[in-house]
Amino acid sequence: MYKRIMVALDQSFMTDRVLETAIELAKSVGAQVAICHAIDETVLAQRDVAMMLPNSVGKTEARLRMGAEGFLGKAAEKVRAAGIDVEIKVVESERLHVSDMLIEAAAEWHADLLIVGTHGRRGVERFFVGSVAERLVRKGRRSLLLVRGEDPVD
């Protein structure tokens, strides 16, 4: 079924739930896993970067990268402990939305499936924050597994 599963993680409360789902599925089908984190540099571009010294922007980007690599390393240890081959990918862009970076990363890695968490934001909060999962559903060409963050409201 699936041989190459990419898992998008974002250091939120969803990380463990998404990773556990990916491990369970990968073990059941014998798939390889790539854990991916997208660094959203557009956030830096939108802030008042003119007030920051050029060196501080570079240092902030380096800290974000190092933090992502550290947290992905810990996640990869959990995957390896389950006996699954795993790769780590950090993607970043000053112009692309997180969803577009994940779509490109999944295509470049030839993923059969992309697993992402959905935080369960609704209403105005979702409108302002935007939904990576929603954009992946609309724009992506790969199979997508959404791991819900909250139980649906009845």
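Me: Quick one to start, where is S99 found?
Reply: S99 sits in helix α4, where helices (H or I, at least four residues) and strands (E, at least two) are DSSP runs numbered from the N terminus. This is a predicted model, in which local features need pLDDT of at least 70 and side-chain atom pairs count only at pLDDT 80 or more, while totals for chains, interfaces and linings use all residues. Residues are numbered from 1 along each chain as its sequence is written, and side-chain values use heavy atoms, with hydrogens and water left out.

Me: And is S99 buried or exposed?
Reply: S99 is buried, with a relative accessible area of 0%; buried means under 20% relative accessible area, exposed over 50%, and partly exposed in between, with a 1.4 Å probe and protein chains only.

Me: Which residues is S99 in contact with, leaving aside its neighbours within four places in sequence?
Reply: With those neighbours set aside, S99 is in contact with V132, R135 and L136, where contact means heavy atoms within 4.5 Å.

Me: So at what angle do α4 and α6 pack?
Reply: The two helices pack at an angle of about 50 degrees, and the axes of α4 and α6 are 9 Å apart. Here the axes are lines fitted to C-alpha atoms, for helices over the stretch in contact, and angles run from 0 to 180 degrees between N-to-C directions. That angle makes α4 oblique to α6, given that under 35 degrees counts as roughly parallel, over 145 as roughly antiparallel, 65 to 115 as roughly perpendicular and the rest as oblique.

Me: Which residues make the contact?
Reply: On the α4 side they are V98, S99, D100, L102 and I103, and on the α6 side V132, R135, L136 and K139. Sorted by type, the residues of this contact come to 5 nonpolar, 1 polar and 3 charged, with Ala, Val, Leu, Ile, Met, Phe, Trp, Tyr, Cys and Pro taken as nonpolar, Asp, Glu, Lys and Arg as charged, and the others, Gly among them, as polar.

Me: What do the side chains of K139 and D100 do?
Reply: They meet in a salt bridge, at 2.7 Å from N to O; the term covers a side-chain nitrogen of Lys or Arg within 4 Å of a carboxyl oxygen of Asp or Glu. K139 lies in helix α6 (residues 132-139) and D100 in helix α4 (residues 98-109), so this pair ties together parts that are 39 residues apart in sequence. D100 is buried at 18% relative accessible area, whereas K139 is partly exposed at 38%.

Me: How many salt bridges does the count come to?
Reply: The count comes to 3. One of them joins D16 and K78 at 3.1 Å, N to O, and because D16 lies in helix α1 (residues 15-29) and K78 in helix α3 (residues 54-81), the pair links parts that are 62 residues apart in sequence. D16 is partly exposed at 42% relative accessibility, and K78 is partly exposed at 44%. E87 and K89 also meet in a salt bridge, at 3.5 Å from N to O.

Me: Switching topic, where is G83 placed?
Reply: G83 is in the loop between α3 and β3 (86-93), and G83 is exposed, with a relative accessible area of 66%. G83 and G30 are 53 residues apart in sequence, and their C-alpha atoms are 9.7 Å apart in space.

Me: What does the secondary structure of the protein come to?
Reply: There are 6 helices and 5 strands, following the pattern β-α-β-α-α-β-α-β-α-α-β along the sequence. Of the 154 residues in the protein, 39% are buried.
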